[in-house]
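Welcome! Please take a moment with the sequence and the structure shown here, and then read on for a short tour.

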Amino acid sequence: MITSFDMIDQPNPDDERELEARCARFRIAKQELDRAVRRHGESDEEDEADSAA
């Protein structure tokens, strides 16, 4: 008889690959978000410098 606890103890290679793929997609999205935030921050600084002049 297999219980849900038995299933948790047995690693599934497909699940591990899916988890790794999700982590990779998350890291890529995080990097893109960080870049967008930096670009937005730089354009705000330029706008402030233009308005001060």
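## Surface and salt bridges

The chain has an accessible surface of about 5200 Å², and carbon and sulfur atoms account for 55% of that area. Please keep in mind that the model is predicted. The chain has 53 residues, and 0% of them count as buried. As for secondary structure, there are two helices and zero strands. One of the helices, H2, covers residues 13–52.

Now to the charged side chains. How many salt bridges does a search of the whole structure find? The search finds four.

| Pair | Closest N and O atoms |
|---|---|
| Arg17 and Asp14 | 2.4 Å |
| Arg22 and Glu18 | 2.9 Å |
| Glu18 and Arg25 | 3.6 Å |

Let us begin with Arg17 and Asp14. Both residues belong to helix H2, where they sit three residues apart, or about one turn of the helix. Is Arg17 buried or exposed? Arg17 has a relative accessibility of 51%, so it counts as exposed, because the cut-off for exposed is over 50%.

Next comes Glu18. This residue forms a salt bridge with Arg22, and Glu18 also forms one with Arg25. Together, Glu18, Arg22 and Arg25 are linked in a network of salt bridges. Within helix H2, Arg22 and Glu18 are four residues apart, which is again about one turn of the helix.

How open are the members of this network? Arg22 has a relative accessible area of 53%, so Arg22 is exposed. Glu18, with a relative accessible area of 36%, is partly exposed. Arg25 has a relative accessibility of 48% and therefore counts as partly exposed; partly exposed residues fall between the 20% limit for buried and the 50% limit for exposed.

Terms used. Residues are numbered from 1 along each chain as its sequence is written. This is a predicted model: local features need pLDDT of at least 70, side-chain atom pairs count only at pLDDT 80 or more; totals for chains, interfaces and linings use all residues. Side-chain values use heavy atoms; hydrogens and water are left out. Buried means under 20% relative accessible area, exposed over 50%, partly exposed in between (1.4 Å probe, protein chains only). Accessible areas come from the Shrake-Rupley method with a 1.4 Å probe; for residues, only the protein chains shown count as cover.
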